[in-house]
Amino acid sequence: MLLHNQISIALRTPLIPIKPTLKHHSKNTAVFAQQRNAPPPATNFSISDESLSSRGFTIHRTIDNLDVDHLNTVFVAVGFPRRDTGKIRLALEHTDALLWVEYEKTKRPVAFARATGDGVFNSIIWDVVVDPSFQGIGLGKAVMERLITALLQKGITNIVLYSEPRVLGFYRPMGFVADPDGIRGMVYSRKQKKKK
Amino acid sequence: MPNNCTVLLPTSLKFCPPIVSLDCRCQVFSNLQFPLNLNFRLGRGSRNQRVSQPKAGFWDSIRSGILKNNTTQVIEPPSTTEEEEEPLPEEFVLVERTLADDTVEQIIFSSGENVDVYDLQALCDKVGWPRRPLTKLAAALRNSYMVATLHSIKKSTGEVGNDQKKLIGMARATSDHAFNATIWDVLVDPSYQGQGLGKALIEKLIRALLQRDIGNISLFADSKVVEFYQNLGFEPDPEGIKGMFWYPKY
């Protein structure tokens, strides 16, 4: 049944540009390969793993070798409040999937995204960041495409996120829709609690 | 049907229950009354021994509202900031009332209970949600950071050991254990809607999450229930931040 789900999802995935039908067969076999946690074929992404690697970037899918302090620096550089590294580490340990790009020259993370959820139905993407010095070259897109693929491979079909207004245009071309059917994202605020 | 107790509207209410008609995200509460398939799980013992002693003062006000020979529905007051700092017990009585047939019904809130996946599926059926595979439901519950439930316990007037326990509400939250929690799958049995139970469920869930230092609590609300959550302290699109869905099926 899991197999069936994965195939149907892969076939209906319009996000990742699928090369002409010649590749369809290999795509199907690729689905089986993906189940064994192999990275998806590079032809599925806007920028392939090889292309990234040739430019000095390495993709990582685990927190091994991730320096959380360096990651925190990137968070702060893009405007997040500085958070306790211990808490960040705790959050990373309780994450469904994550992806980060390492710049080989400095051995530091330059792009990152993670997703939490229940592992079967819903997944929320958080902390999508690209170091300001490395923005505009496709790293954010590379991270997002791979993260979404990883989530789809787990059979998760409801992938959501909260987007700041200025980056709606970043997520929309990837297939994200704001307020579909009038559904609103809401956040609890201790300050405002209306009582009837 | 044993559950068809008439809860009389109290003649004098201490606190007005908010009018809630819960149509939560992705879910439409239908008014269909499915034939009740009550699976009574009595394996835990005759009485619910795990109900912790409520704190004095606040709960006294609830108990004092229970009058003999009177079907009084008591809803606990909206929590104040002082109460939010009190540690929330994992399980406690939310409402206690006497029904028309003189049986006592308790509504129990719990945040630490293992939910029986069959009970949950029965409840999802009652509110009209599409069926989901049981194994996935079980996994989703296991992988949730917190699962809050409402159970109705009807105390037997006769012999000990015949209490009826039924799952009547649930809400769950996923979290990274540090910063963010997202609430999913909020549901209340249609027979128990309109009594403020959904509101209480979410309030308690929020409080439990805040007490674990999870600062960011979010959810996605169908347009019809945005106001319900606003009244609980949720803000839609704060600072223009939008919830986005990847290729939604709607």
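Residues are numbered from 1 along each chain as its sequence is written, and chains are lettered from A in the order in which they are written. In this predicted model, local features need pLDDT of at least 70, side-chain atom pairs count only at pLDDT 80 or more, and totals for linings use all residues.

Start with the sheet. Select S1(A), S2(A), S3(A), S4(A), S5(A), S8(B) and S6(A): in that order these seven strands form an open sheet with mixed pairing (strands are DSSP E runs of at least two residues, helices H or I runs of at least four, numbered from the N terminus; two strands pair if DSSP finds at least two bridges between them). S1 (57-60) and S6 (176-178) of chain A stand at the edges with a single partner strand each, so one side of each has no neighbour in the sheet.

Next, show S3 (residues 108-117) of chain A with S4(A); they run antiparallel and are joined by six bridges. A:Arg114 stands opposite A:Trp126 in S4(A).

Finish at the largest pocket, which 43 residues line; A:Phe80, A:Asp127, A:Tyr162, A:Glu164 and B:Ile241 lie nearest its centre (a pocket is an open set of points on a 1 Å grid over the protein atoms alone, where a 1.4 Å probe fits, with protein on both sides within 12 Å along at least five of seven lines; lining residues have an atom within 4 Å of a point). S4(A) gives the most to this lining, six residues.

Definitions and conventions:
Heavy atoms only, no water.
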